[in-house]
Amino acid sequence: MLRKKGVKFGRKKIYNAEDYIDIYLQVKNKEISVNEAIETISHSASTYYRIMAEIEKMHINQP
């Protein structure tokens with residue numbers, strides 16, 4: 001019943017994927033390496049890949 005009303009459950013994200021789009025583009029354009037990107041965002045490698053997957057999903061859904 002609460003889900004139908006739009007109530008969010010679970011822990012809040014510690015990041016906003018939109019804040020990392022420039023890093024995503026730098027890695028895709030091979031301006032920086034993945035390891036440099038991970039150091040830059042100060043998160044774990046798994047969080048980095050999760051953020052990148054969300055960004056790719058956002059770009060695929062846009063016209």
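This is a predicted model: local features need pLDDT of at least 70, side-chain atom pairs count only at pLDDT 80 or more; totals for chains, interfaces and linings use all residues.
**A patch on the surface**

Let us stay with Val 7 for a moment. Val 7 sits in the segment before helix 1. Together with Leu 2 and Phe 9, Val 7 makes up a nonpolar patch on the surface, and the three have about 270 Å² of accessible area together. Phe 9 is also found in the segment before helix 1. With a relative accessibility of 49%, Phe 9 counts as partly exposed. Leaving out residues up to four places away in sequence, Phe 9 touches Leu 2 and Arg 3.

**The core**

Now for the inside of the model. The largest nonpolar core has 13 residues. Those with the most contacts inside this core include Tyr 20, Ile 23, Ile 41 and Tyr 48, and also Ile 51, Met 52 and Ile 55. At least two residues of the core come from each of helix 1 (21-28), helix 2 (34-41) and helix 3 (45-61). Helix 3 supplies the largest share, four residues.

Setting aside neighbours within four places in sequence, Tyr 48 is in contact with Val 27, Val 34, Ala 37, Ile 38 and Ile 41.

Thr 47 counts as buried, since its relative accessibility is 10% and buried means under 20%. The side chain of Thr 47 is joined to that of Ser 44 by a polar contact of 3.1 Å.

Most residues other than glycine have a negative phi. Against that background, Lys 30 has a positive phi of about 60° although it is not a glycine, and Ser 42 likewise has a positive phi of about 60° without being a glycine.

| Residue | Phi | Loop | Relative accessibility |
|---|---|---|---|
| Lys 30 | about 60° | between helix 1 and helix 2 | 74% |
| Ser 42 | about 60° | between helix 2 and helix 3 | 60% |

Lys 30 is exposed because its relative accessible area is 74%, and exposed means over 50%. Ser 42, at 60%, counts as exposed too.

Note on methods. Residues are numbered from 1 along each chain as its sequence is written. Side-chain values use heavy atoms; hydrogens and water are left out. A nonpolar core is a set of buried Ala, Val, Leu, Ile, Met, Phe, Trp, Tyr and Cys residues joined through side-chain atoms within 4.5 Å. Buried means under 20% relative accessible area, exposed over 50%, partly exposed in between (1.4 Å probe, protein chains only). Contact means heavy atoms within 4.5 Å. Patches are made of residues with over 30% relative accessible area and no salt bridge: like charges are joined within 9 Å, nonpolar side chains (Val, Leu, Ile, Met, Phe, Trp, Tyr) within 5 Å. Accessible areas come from the Shrake-Rupley method with a 1.4 Å probe; for residues, only the protein chains shown count as cover. A salt bridge is a side-chain nitrogen of Lys or Arg within 4 Å of a carboxyl oxygen of Asp or Glu. A polar contact is a pair of N or O atoms within 3.5 Å; within protein, one must be able to donate a hydrogen and the other to accept it, and residues adjacent in sequence count only if both atoms are side-chain atoms.
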